[in-house]
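Open the model in your viewer and keep the selection tool at hand. Each stop gives you something to select, then says what is there.

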Amino acid sequence: MYVIGGGPGGLATAHALRARGIRAVVLEKSDHVAASWRRHYDRLHLHTTRRLSALPGLPMPRSFGRWVSRDNVVRYLEKYAEFHQLEIVTGVEVSRVDPAPDGTGWLLHATGGRELTGRAVVVATGYNHTPHVPDWPGLADRTGEFLHAGAYRNAQPYAGRDVLVVGIGNTGAEIAVDLVDGGASRVRLSVRTAPHIVRRSTAGWAAQFSGILVRRLPVRLVDRLARPLARMSVPDLSAHGLPRPDTGLYSRVNEGAVPVQDVGLINAVRKGRVEIVAAVESFEADKVVLADDTRIEPDVVIAATGYVRALEGLVGHLGVLDDRGKPVAHGARSPHTAPGLYFTGFTNPISGMLRELALDAERIAKAVARQRDRGRAAP
Ligand SMILES: Cc1cc2nc3c(=O)[nH]c(=O)nc-3n(C[C@H](O)[C@H](O)[C@H](O)COP(=O)(O)OP(=O)(O)OC[C@H]3O[C@@H](n4cnc5c(N)ncnc54)[C@H](O)[C@@H]3O)c2cc1C
């Protein structure tokens, strides 16, 4: 069978399948595994702990520390593929998945006119590769510099410059702090909806641990529990333009907004080194128009506005995506209309994505092995 994508999700699943005696070939469009991690900004460290970010069958070395750096994530994933002797074909992009003509599996259309068939297919293409930029009026005519956060590496090119970062997810928040530390002359952070901000760790207790503990609790209960904790651990930043959010923490996660882990933002906002401004509405040549009708003129705009899953071309015609482009089933479950087609990495769990990818890998491998065993038992 085939696994599309050589990121942590695809590698973990390929290993879990192999461990059950199922041959799995990983198809990776770039020249290396871990392509997404190689592109992330230099300063990035995991927000989830080393132990809870490891994939099945290989712990991360202690020397990586508690919060693993981007380069060490890449090293780990390279080692993971080598250690488990995974079969990986790089430079092969799968453009479309169709039912196999004989009705027994899937036909993959890939780079160079390749056609590959497999009984089952795992889609592990990730959702951090296709930037999402809102359809802002006037953006096409902007005269100043503009980039998506996906193209940001470090603060060096922005030293001495006035930068507006748009969007206060984990990426926008960290890039804003990186710019301050890297010597940008002014850093503003445009916020539409104030986020939940949590400490990465309090007295040694990682925020991820709480995420795991509360994952199966009712959303409203978690919202209620989180409120006093936030008041205790995070100062009130409303005077600086960041009021505490009205909607509960877990409700927001369910809407797709994971809490922002503080890696310096709270301090930078309190000291006025990162200024919070209103949401971006439109662009007028070198000016940016904000929702409160002010016009500002930053030298550079960095849109930390997220990514899209971009699964439409690959599997959209199979009726397996909902109206937001998200697979209708994930992990061990295949969509009803597409048995043997599995998805991993398209959810947004409060308990950590790498941990979820590791769990999904085992679940998918178990489901595929069960199918195989049923096939063997059939007369
Ligand atoms: C900045 C950032 C920080 C994060 N930090 C954490 C963290 O601290 N803890 C945590 O648990 N999670 C974190 N995540 C979330 C998640 O763990 C990572 O995004 C992780 O890399 C997702 O793994 P994946 O395998 O699903 O996707 P990816 O890592 O994106 O891998 C997908 C692979 O598929 C390949 N591919 C895509 N399309 C095709 C195709 N059509 N054909 C062939 N190959 C294809 C890509 O080249 C890529 O190599 C973070 C995400 C981001 C963006």
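**Second largest pocket**

Start with the lining of the second largest pocket, whose residues divide into 11 nonpolar, 7 polar and 4 charged. The model is predicted. The space in this pocket comes to about 520 Å³. Select Arg119, Ala120, Gly340, Tyr342 and Gln371: of the 22 lining residues, these are the closest to the centre of the pocket. Which element gives the largest share of the lining of this pocket? Colour α10, which supplies 7 residues. Keep α10 coloured for the next stop.

**The ligand**

Now select the ligand and the residues around it. The shell holds 29 residues, and the closest are Glu28, Ser36, His47, Asn128 and Leu354. By class, the shell has 13 nonpolar, 13 polar and 3 charged residues.

- Select Thr48: a polar atom of its side chain lies 2.7 Å from a nitrogen atom of the ligand.
- Select Pro8: here a backbone N or O atom lies 3.3 Å from an oxygen atom of the ligand.
- Select Met353: a polar backbone atom of this residue is 3.0 Å from an oxygen atom of the ligand.

How much of the ligand's accessible area does the protein cover? On its own the ligand has 980 Å² of accessible area, and the protein covers 92% of this. Next, colour the elements that give two or more residues to the shell: α1 (8-19), β2 (25-28), α2 (35-39) and α10 (353-377).

**The cavity**

Turn on a cavity display. How many cavities of 30 Å³ or more does a search of the whole structure find? The search finds 1. About 40 Å³ of space lies in the largest cavity. Now colour helix α3 (residues 70-83), which gives the largest share of the cavity lining, 3 residues. By class, the lining has 8 nonpolar residues, 1 polar residue and no charged ones.

**Hairpin of β4 and β5**

Switch to the cartoon view. Select strand β4 (residues 94-99) and strand β5 (residues 106-110). The two run antiparallel and are joined by 5 bridges. Pick Val97, and look across to Leu108, its bridge partner in β5. Then follow the chain into the turn. The hairpin has 6 residues between the strands, and Gly103 takes a positive phi near 75 degrees there.

**Sheet β17-β18-β19**

Last stop. Select the 3 strands that form an open sheet, in the order β17-β18-β19, with antiparallel pairing. Which strands are at the edges? They are β17 (280-284) and β19 (295-296), and each pairs on one side only. β17 pairs with strand β18 (residues 287-290) in the antiparallel sense, over 4 bridges. Show two pairs of side chains here. Phe283 stands opposite Val288 in β18, and Val280 stands opposite Leu290 in β18. Finish at the turn. There are 2 residues between the strands in the hairpin of β17 and β18, where Ala285 takes a positive phi near 50 degrees.

Notes: Residues numbered from 1 in each chain as written. Predicted model: local features only at pLDDT ≥ 70, side-chain atom pairs only at ≥ 80, totals over all residues. Heavy atoms only, no water. Pairing = 2+ DSSP bridges. Near = heavy atom within 4 Å. Polar contact = N/O pair within 3.5 Å; in protein donor to acceptor, adjacent residues only side chain to side chain. Areas by Shrake-Rupley, 256 points an atom, 1.4 Å probe, with all protein chains shown as cover. Nonpolar A, V, L, I, M, F, W, Y, C, P; charged D, E, K, R; others polar. 1 Å grid on protein atoms, 1.4 Å probe; cavity = no way out; pocket = protein on both sides within 12 Å on 5 of 7 lines; lining within 4 Å. Points joined across faces, edges and corners; volume = space filled by probe spheres on them.
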